[in-house]
Each structure stands twice: as C-alpha cells, then as structure tokens.
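Thanks for coming. I have one structure to walk through today, so please bring it up on your screens.

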Amino acid sequence: MKSLIKKLVESVGPSGYESRVREVVRKEVEDYADEIQVDAMGNLIVKKGVKKEGGLRVMLSAHIDEIGVMVTHVDKNGFARFATIGGVRPHTCYGSRVRFLNGTVGMIGGEKLDNMNQVHAIEAMFIDVGATSPEDCPVKIGDVAAFDRPFEDLGNRLISKAMDNRVCVAVLIETLKQVQESPHELYFVFSTQEEVGLRGATTAAYAIDPDIGIASDVTMTGDTPRGVTMDVALGKGPAIKVKDGGMIADPKVVTAMVKAAEKHNIPYQMEILLGGTTDAKAMQISRAGMPAGCVSVPTRYVHTPSEMVDLTDVENAVKLLLALISEPINLA
C-alpha cells in the first residue's frame, strides 16, 4: 500500500479544495465500483453490491481533506498573512513550508518574539514566498495552501503530511478493491471538509440514509515520551473507537468490530480519544440517527506537517473492515 499512500499524501487538498485528491481516488476505484457519483459537497460516493438477506445499507467514510492555510492579506513588502483551515496549531507552523494550489512554495515566518520561549500566535506569523511587493507576489487573498512535506518510508513506519486522513482513504480504497462477497449494500464515501466541521459526511449520510455508519480516521497515540495518557500505540493494531470528543460509538457496533477482529485473529486496540471527532459523529445523528462506529489508524504527531503511522496497523485496518462487511452485522 505504500505507493498508494504516497500518491495520496503528496496531493494537495485543504478543506473545500479537495478536487485533486478526489481525482486520484476516482482513478483508483472506478474499476471496482458499481456506481460513482460526486455530490454538491464534492464527496466521491462509490456504491458496491446490493442488499441481500441479512444485509444492511452500510456507509463507510474517510475524509480526503487536510488542514491548511488561506491568505488574508499581502503587505507592502509581499509577506502574506493567513488564516487557518482546520486544526492548524501555532507551535507546528514556524519554519514550516507550504505549497499553494498554483504550485507556489512559501515558508512560515514570524514577528520578533520578546521571549524566545514563547510560541508565535497565528496573527504574528506570515508566509514568505520570496516576493517584495503585492505586485510581484504570486499569491493573493483567498489562495489556499497545505503543508509541504514529502512521504518518507522508514520500513514499517511511514511519515508524511496529511496522513490525517489520506492513510484511511487508502484503507477504504483497499477495502473496496478486496471485498469479494458481502450481504450488504456498500457505500464508500470519500468525504470533504471534515476538518472544518464534518460537512461532507453530514450531507452524504443524509442522502444515503444508511442502516449503519462506519468511519475510518486517524487517532492519537500514547506511546511517545511524556505524551498523552492514552492506551493506543503504533504497531499494535487498528483502534476500535469507543468514544471521542464528539460522539460515543454505538456499543453494538463496537461489539461487532471486536467479534470480527477476534474471529479473524486481527490485532486491535480500544480507543478513547479525549479531544476531536470524526465522520462517525455526522453519520450517527443524520436524519433519525443510526448506529455508528469508527476503525482508527494510530498516528503520532496528528495535525503536524509530519505525521507517523505503522504500515501493519494500516493493513490490519483493511482486514478488520473486510471481516466486518463480508458477513452479516449483528446489531441486536
């Protein structure tokens, strides 16, 4: 899966500007789909199979957008001030490089700090694209950019910007490619604008009206020095979400995932994420509501320009989703 992940993470697609990523996904899935559509929000929705006896209408969602920045002002010397798109944190910005949709590369600098132990506020930062005035500046108000970092292969450990959530986009693509028989009517949704409010999954879930919703997204880990207190680590398997900052997973869905993992000897971890949420929240409260859950890929340094995953967790996330959707899902 490394080549697929590399192709996805190195595409530029901040929230609301996901078209390039969507086209990469479309080329990967079009030979495996029964139907493909792009809705008004830009979600790529892939239908596979029909509902059989004991089957459900299942929506699986992974968001294709990434965090980024948007130019708000270009000053007289050509420095661009910016606003954030999604959860961009100040301490990850200074010295980082960004790439605009038009190909322009810039680096993030900041005003002089009175105390060098402090962190620049976003308002005190700017993007330097090498310009000297607004007239020769290659970016303008409203232009968007994503962090610019290459994919790095460390063996089982992989590093890149936008692992959140392109690594799970890869998981859904592989699941779609590998599923052979399923009693379910499957909808693979590659959703937009998750980082700014779960917007794509909200509209897609309303339109599909599934019986069950399953998200695939990254989650944090507790395995770094003095990190967060969390019983999730790289290399110990995909995480089955119990709760996060926006939703409580349906216990019946959690149980079904655990049983599928244990039946097929797939390693797994239980996830309780104290902050943040995912497309499962949007699905859970769509229309009259539905049981929803999430299969997560443990990821270090989430929402930074260099996020790290373990390839075995990614591969086992595919196995878990395949085990879950290839058989009837008991929600009794």
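Gln193 is buried in this predicted model, because its relative accessible area is 16% and the cut-off for buried is under 20%. The residue sits in the loop that joins β12 to α4 (199-208). Its phi is positive, about 55°, although Gln193 is not a glycine. As background, most residues other than glycine have a negative phi, and most peptide bonds are trans.

Asn265 also has a positive phi of about 55° and is not a glycine. Is Asn265 buried or exposed? Asn265 counts as exposed, at 70% relative accessibility. Its loop runs between α5 (251-263) and β15.

Asn165 belongs to helix α3.

Now α3 itself. The helix has 16 residues and spans 22 Å from first C-alpha to last, close to the 22 Å expected at 1.5 Å a residue. Of those 16 residues, 14 are buried, so α3 is largely enclosed by the rest of the structure.

On to the sheet. It is open, has 8 strands and mixed pairing, and its order is β1-β2-β12-β3-β13-β16-β14-β15. Which strands stand at the edges? They are β1 (35-38) and β15 (269-272); each has a single partner strand, so one side of each lacks a neighbour in the sheet. From one strand to the next, the twist averages 25°.

Within the sheet, β3 (residues 57-63) and β13 (residues 212-219) pair in the parallel sense over 4 bridges. Met59 stands opposite Gly213 in β13. Helix α3 (residues 163-178) packs on the sheet, where it touches β2 (44-48), β3, β12 (185-191), β13 and β16 (292-298). The direction of α3 makes about 135° with that of β13. Helix α7 (residues 311-325) lies across β3, β12, β13, β14 (239-243) and β16, and runs at about 160° to β16.

Last, the overall numbers. The protein has 7 helices and 17 strands. For 332 residues, a compact globule would have a radius of gyration near 20 Å, and the protein has 20 Å, which agrees. Along the principal axes, the C-alpha atoms fill a box of roughly 65 × 45 × 40 Å. Of the 332 residues, 55% count as buried. Among contacts between residues at least 6 apart in sequence, 76% join residues at least 24 apart.

Notes. Residues numbered from 1 in each chain as written. Predicted model: local features only at pLDDT ≥ 70, side-chain atom pairs only at ≥ 80, totals over all residues. Heavy atoms only, no water. Pairing = 2+ DSSP bridges. Helix = DSSP H or I, 4+ residues; strand = E, 2+ residues; numbered from the N terminus. Axes fitted to C-alpha atoms, helices over the stretch in contact; angles between N-to-C directions. Contact = heavy atoms within 4.5 Å. Rg over C-alpha atoms; globule rule 2.2 N^0.38 Å. Buried < 20%, exposed > 50% of the residue type's maximum accessible area, 1.4 Å probe, protein only. Expected span 1.5 Å × (residues − 1).
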